[in-house]
Amino acid sequence: MIHIIDYGAGNLFSVQNALNYLQIENKITANPAELAEADGIILPGVGAFRDAMTMLNESGFTEAIKEQAAAGKPILGICLGMQMLFEKGYEFGETDGLGLIPGKVVLIDGGGLKIPHMGWNDLNVLHDCPLSADIADGDYVYYVHSYRADTDDAYISCYTMYNEKIPGLVYCDNVYGAQFHPEKSGQVGMNILKNFAKLVRT
Amino acid sequence: MLAKRIIPCLDVRDGKVVKGVNFVGIKEVGDPVQCAIDYDRQGADEITFLDITATHEGRSTMIDVVRNTAKNVFVPLTVGGGIRTVDDFRELLRAGADKISVNSAAVRNPQLISEAADKFGSQCVVVAIDARRKAEGGFTVVVNGGRIDMQMDAIEWAKECERRGAGEILLTSMDTDGCKQGFDLELTDAISKVVNIPVIASGGCGNLDHFSEVFEKTGADAALAASLFHFKELTVQQVKEHLRNKNIPVRR
């Protein structure tokens with residue numbers, strides 16, 4: 001059973017709709033203690049880094065997520081949920097993230113391109129990871145964001161060019177993050193969710 | 001490279017897709033959920049529902065349509081038509097819409113744009129602007145299907161929408177809408193030059209070249225069409241293939 005974390009901010013229902021469509025067992029969880037029973041965890045998110053981290057901290061999810069990550073459970077952060085997996089964010093000042101993947105989250109330098117980076121953009125595969133199994137170079141995914149991860153290539157599975165390199169799919173051991181919205185990225189996104197579910201089952 | 005988006009639009013009344021035929025009345029053409037699924041399969045980058053229902057019952061039917069679509073379609077879904085309050089936004093977002101488009105309510109109460117952007121984020125606030133050419137030059141904002149001229153400069157209004165937190169502009173030319181002679185390139189270019197948020201061109205598309213033209217000659221980020229796709233004159237696939245041949249980046 002995959003638990004989708006409800007901490008008061010996020011596109012939970014879209015994620016749940018996608019999992020239901022794929023017939024992947026899931027539930028929405030607002031209680032951090034329940035994460036102990038989860039086989040896999042999805043951390044969604046829309047909004048600002050600082051506000052969302054405050055909500056995670058105050059609801060007790062920060063500690064619970066860190067414990068489950070340390071126990072080796074597959075975790076997938078989506079969009080802002082992916083950004084919070086990193087050590088620090090710089091949206092409205094410096095804020096500590098969950099620190100599950102080395103790196104920080106900084107404003108995109110669009111170099112004249114529109115910010116937010118919004119719409120369908122193509123992926124380049126840098127390193128294969130279990131979630132990228134079905135991704136080919138040039139596959140399109142749907143992004144909506146103004147900040148990006150700044151992390152070592154070692155943690156980047158796929159990236160997108162938007163003036164600069166935007167990490168799209170990141171990973172570190174059992175922790176995964178998608179900057180784009182797999183639940184809104186058509187077949188490419190659905191395959192990523194399916195691959196995450198396989199990881200949870202095996 | 002960021003892809004140019006192709007967005008089919010479905011007019012929905014009382015839970016059914018409807019379309020005016022040859023300007024003589026409205027004809028029901030199908031189930032919106034099934035139509036949205038079909039467009040998704042054709043490769044639509046986004047789907048827009050325009051609710052043209054006037055009644056309260058029709059409204060709740062629309063919520064169900066959105067909910068059922070969101071369970072079956074996994075590309076962004078935009079809903080517009082009759083949105084007046086932040087609560088309308090909340091209700092549709094909870095039902096599974098990704099973006100909400102506001103038109104006359106935003107013109108009459110621009111504060112709605114700022115409030116919705118603050119509450120739900122700019123990414124879900126689309127301001128629909130219906131514009132018409134003025135005899136003396138320039139473009140004016142009209143509402144109620146073009147019946148009321150708000151005496152507002154469309155370019156200034158677009159800038160204000162961005163300033164207030166709109167995430168996107170859905171720009172319809174009342175001069176070209178329904179004429180199938182092509183998008184209003186001058187209007188689309190004028191607006192996309194002054195804002196730094198995506199502009200969706202709408203109104204007037206009649207053939208494949210009109211799609212490539214709007215991307216080649218203006219800064220439009222997306223193109224929206226309704227009847228052309230409804231009546232299967234073109235499929236989204238055909239449009240994308242055409243754009244690809246013209247070296248315009250589209251999602252495959």
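# Strands, helices and burial

Tutor: Let's start with strand E10 (residues 168–173) of chain B and E11(B), which pair in the parallel sense over 4 bridges. Helices (H or I, at least four residues) and strands (E, at least two) are DSSP runs here, numbered from the N terminus. Keep in mind that this is a predicted model, in which local features need pLDDT of at least 70 and side-chain atom pairs count only at pLDDT 80 or more, whereas totals for chains, interfaces and linings use all residues. As for labels, residues are numbered from 1 along each chain as its sequence is written, while chains are lettered from A and ligands numbered from 1 in the order in which they are written.

Student: What makes E10(B) and E11(B) a pair?

Tutor: DSSP has to find at least two bridges between two strands. E10(B) and E11(B) have 4 bridges, so they pass that test. You can look for Leu171(B), which stands opposite Ala201(B) in E11(B).

Student: Which way do the residues of strand E11 (residues 199–202) of chain B point?

Tutor: Val199(B) and Ala201(B) go one way, Ile200(B) and Ser202(B) the other, and all are buried. Side chains in a regular strand alternate between the two faces of the sheet.

Student: Why are E6 and E11 of chain A said to stand at the edges?

Tutor: That's the open sheet of 4 strands in chain A, in the order E6-E5-E7-E11, again with mixed pairing. E6 and strand E11 (147–150) each have a single partner strand, so one side of each lacks a neighbour in the sheet. E5(A) and E6(A) run antiparallel and are joined by 2 bridges, with Gly89(A) opposite Thr95(A) in E6(A).

Student: Is Cys79(A) buried or exposed, and how do you know?

Tutor: Count the other C-beta atoms, placed from the backbone, within 10 Å of its own: 20 or more means buried, 12 or fewer exposed, and anything in between partly exposed. Cys79(A) has 26, so it is buried. This residue sits in the loop between strand E4 (75–78) and helix H4 (80–83) of chain A, and has a positive phi of about 55° although it is not a glycine.

Student: And what is Phe92(A) called, buried or exposed?

Tutor: Exposed, with 10 other C-beta atoms within 10 Å. Phi of Phe92(A) is positive too, near 60°, and the residue lies in the loop between strand E5 (86–89) and strand E6 (95–96) of chain A.

Student: Why does Lys198(A) count as partly exposed?

Tutor: Lys198(A) has 14 C-beta neighbours inside 10 Å, so it lands in the partly exposed class. Lys198(A) lies in helix H5 (residues 186–201) of chain A. Its C-alpha atom is 9.2 Å from that of Leu131(A), 67 residues apart along the chain.

Student: Why are H3(B) and H5(B) called oblique?

Tutor: Helix H3 (residues 86–95) and helix H5 (residues 111–120) of chain B pack at about 40°, their axes 10 Å apart. Axes are lines fitted to C-alpha atoms, for helices over the stretch in contact, and angles run from 0 to 180 degrees between N-to-C directions. Under 35 degrees is roughly parallel, over 145 roughly antiparallel, 65 to 115 roughly perpendicular, and the rest oblique. H3(B) and H5(B) are therefore oblique to each other.

Student: Which residues of H3(B) and H5(B) meet?

Tutor: Val86(B), Phe89(B) and Leu93(B) in H3(B) meet Glu115(B), Ala116(B), Lys119(B) and Phe120(B) in H5(B); contact means C-beta atoms, placed from the backbone, within 7 Å.

Student: And what about H8(B) and H10(B), why are they oblique?

Tutor: The axes of helix H8 (residues 208–217) and helix H10 (residues 236–245) of chain B come within 9 Å and cross at roughly 50°. That makes H8(B) oblique to H10(B).

Conventions:
Contact = placed C-beta atoms within 7 Å.
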